[in-house]
Structures are given as structure tokens and as C-alpha cells.
Amino acid sequence: MAEELLPLKTVRNPRDLGGYTGFAGRKIKAGLLLRTGTVAAISEEDGNYLRARGVKTIIDLRSPQECRKRPDKKLAGIQNVNIPVNSRDQTKAGASLAELARQYGLDPLAGFRHMVESYRLMVTEEHAQAAFGQVLAYLAETEGGTIYHCSEGKDRTGLVTVFLLTVLGVDPETIRQDYLLSAPYLNDYRAKRDKEARENGESLVQRANLRSLGTVNNEYLDSALITIDQEYGGMEAFLTRQLGVTPVLRDQLRAKYLEE
């Protein structure tokens with residue numbers, strides 16, 4: 001894999017998409033497209049690192065509810081923009097352990113099925129489609145480097161990355177592998193959540209569901225991709241008709257983010 005894992009200590013799952021090979025063999029420029037988890041607790045040291053790398057914009061993909069609960073920290077010289085993919089917290093990223101325990105105490109596959117359905121909804125709901133299109137259009141106009149993130153940088157951030165890398169001409173298997181990298185990069189996060197749940201006396205069933213909610217899987221992504229294929233006629237048609245990716249926007253994104 002070509003991407004770089006960023007040395008941030010207070011931001012989960014921080015990656016630079018630079019280095020992937022896109023349209024006509026041109027590589028994505030380094031330092032311009034960064035995908036991460038929330039920056040709500042970012043340290044001054046990590047903020048200084050991002051400024052030094054030329055980050056000018058942070059796009060928050062989280063719901064209004066999540067933003068109110070854990071707002072992004074304001075960093076001097078960096079603009080904050082909120083483009084919520086969902087009007088509510090569909091992926092349960094903002095839920096407490098107690099809330100999750102009440103919902104997922106009986107069926108060990110409930111969390112898995114919830115995530116599969118969440119991915120289907122993220123590509124069928126008009127609000128989400130509009131938000132994905134708005135992010136792509138915004139990325140075509142921004143100056144300097146941009147971070148885009150949700151809570152853990154895996155689901156909403158993952159789908160934005162799928163659409164963005166597709167527009168930039170990256171091959172589907174590389175896109176899938178980039179998506180799946182969130183699983184190992186969030187190992188420590190899941191281990192911490194499981195330790196808290198165990199100490200709180202949560203059952204094995206509840207802990208199994210927490211793991212499903214806190215990771216990525218081929219099946220989650222395939223739920224979105226199969227829906228796109230069956231309901232919208234494939235990825236290219238979906239990008240064009242549902243997300244508003246015109247030939248002009250596609251060319252703008254490729255000109256901006258791909259090396260000559």
C-alpha cells in the first residue's frame with residue numbers, strides 16, 4: 001500500500017492518501033488528502049504537525065448530535081467545515097457503552113447487521129448522497145491540505161474515500177484494501193472499549209457487538225457497493241446521477257490531486 005500513516009498521537013486512524021496510483025498512472029499528491037478520526041481531542045503538538053504539513057481545512061462528516069457532544073477543536077490557521085453525512089448518528093459512533101449495551105445485549109450479530117444496513121442507508125438516503133457530492137465539490141475548491149473525518153475515520157470517512165479514489169482513477173482492489181486498513185489501525189481503540197465493557201460487567205454478546213460496531217468488514221463495504229450496482233446501475237452512474245460528479249468536476253479533482 002502506498003499511503004502513509006501519520007504520526008499523530010491524539011487522532012485515531014490518521015492517513016495520507018498520497019502515493020496511490022490513479023488515472024493514467026499518475027500518483028495522488030502527498031499532503032493534500034488526509035483521512036482521520038475526530039480531532040475533538042487533538043493536542044497542540046499534533047495541531048502544529050498538521051499546520052506544518054500545510055493543512056488548511058478540516059471537514060467534519062459527523063451528525064449534528066455528535067458535533068454537539070464532541071465538537072472539533074479549533075486550530076489556528078485551519079478552517080472547520082461541517083458536512084454531515086447523516087442527520088443522525090447512524091453508525092452509533094457517538095453512543096455510550098451503556099446505550100450500546102441496552103441495544104445489543106441479546107443477539108451477537110445485531111451489531112454486524114446494523115453496520116451492513118447503515119452502509120446501505122448511506123448510499124440510498126438523499127441527505128447522504130447530497131453530502132458525499134458536496135464533499136467532492138468542496139475538495140475541488142479548497143486550497144492546501146484537507147482533513148476529512150467522522151468519529152473513528154472508518155465508515156463515513158471510508159465511503160468518502162471510496163468515492164474520491166474512484167473519481168481519481170484508483171483501481172477497485174486498492175480502494176478496498178485502503179478501506180480495510182481501518183481494522184488494524186483501530187485495534188487499540190477496540191481493545192480499550194472491550195476492556196471498559198468487561199470491567200462494567202457487559203456480556204460476551206454485548207462485547208461481540210461492540211467489536212462489530214468498532215471495525216470495518218468486506219461485508220459492510222459490499223452492502224454499499226451491491227446496493228449501488230443493483231439500484232443505481234453501477235458506480236459511474238451513481239457518481240454522476242446521485243453525487244453530481246460531472247466531467248468538469250472529475251477533471252478538476254484529477255488536475256488538483258494527481259501528479260503530472
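Guide: Happy to. Among contacts (heavy atoms within 4.5 Å) in the chain between residues at least 6 apart in sequence, 75% join residues at least 24 apart. This is a predicted model, where local features need pLDDT of at least 70 and side-chain atom pairs count only at pLDDT 80 or more, while totals for chains, interfaces and linings use all residues. Residues are numbered from 1 along each chain as its sequence is written, and side-chain values use heavy atoms, with hydrogens and water left out.

Visitor: How do you know that the radius of gyration agrees with a compact globule?

Guide: The radius is taken over C-alpha atoms, and the globule rule is 2.2 Å times the number of residues to the power 0.38. For 260 residues a compact globule would have a value near 18 Å, and the chain has 18 Å, so the two agree. Along its principal axes, the C-alpha trace spans about 55 × 45 × 30 Å.

Visitor: Why is A41 called partly exposed?

Guide: Buried means under 20% relative accessible area and exposed means over 50%, with partly exposed in between (1.4 Å probe, protein chains only). A41 has 42% relative accessibility, so it counts as partly exposed. A41 sits in the loop between strand 3 (33–36) and helix 1 (44–52); helices (H or I, at least four residues) and strands (E, at least two) are DSSP runs, numbered from the N terminus. Leaving aside residues up to four places away in sequence, A41 touches T10, R70 and K73. A41 and T10 are 31 residues apart in sequence, yet their C-alpha atoms are 6.4 Å apart in space.

Visitor: What makes strand 6 largely enclosed?

Guide: Five of the five residues of strand 6 (residues 145–149) are buried, so the rest of the structure largely encloses it. Both of its faces are covered, with G145, I147 and H149 buried on one side and T146 and Y148 on the other.

Visitor: How do you know that strand 3 and strand 6 pair?

Guide: Two strands pair if DSSP finds at least two bridges between them. Strand 3 and strand 6 have four bridges in the parallel sense, and Y148 is the bridge partner of R35. Strand 4 (residues 55–60) also runs parallel to strand 6, joined by five bridges, with T57 opposite T146.

Visitor: Which residues of helix 7 are buried?

Guide: In helix 7 (residues 172–180), they are T174, I175, R176, D178, Y179 and L180. Among the elements they pack against are strand 3 and helix 4 (110–124).
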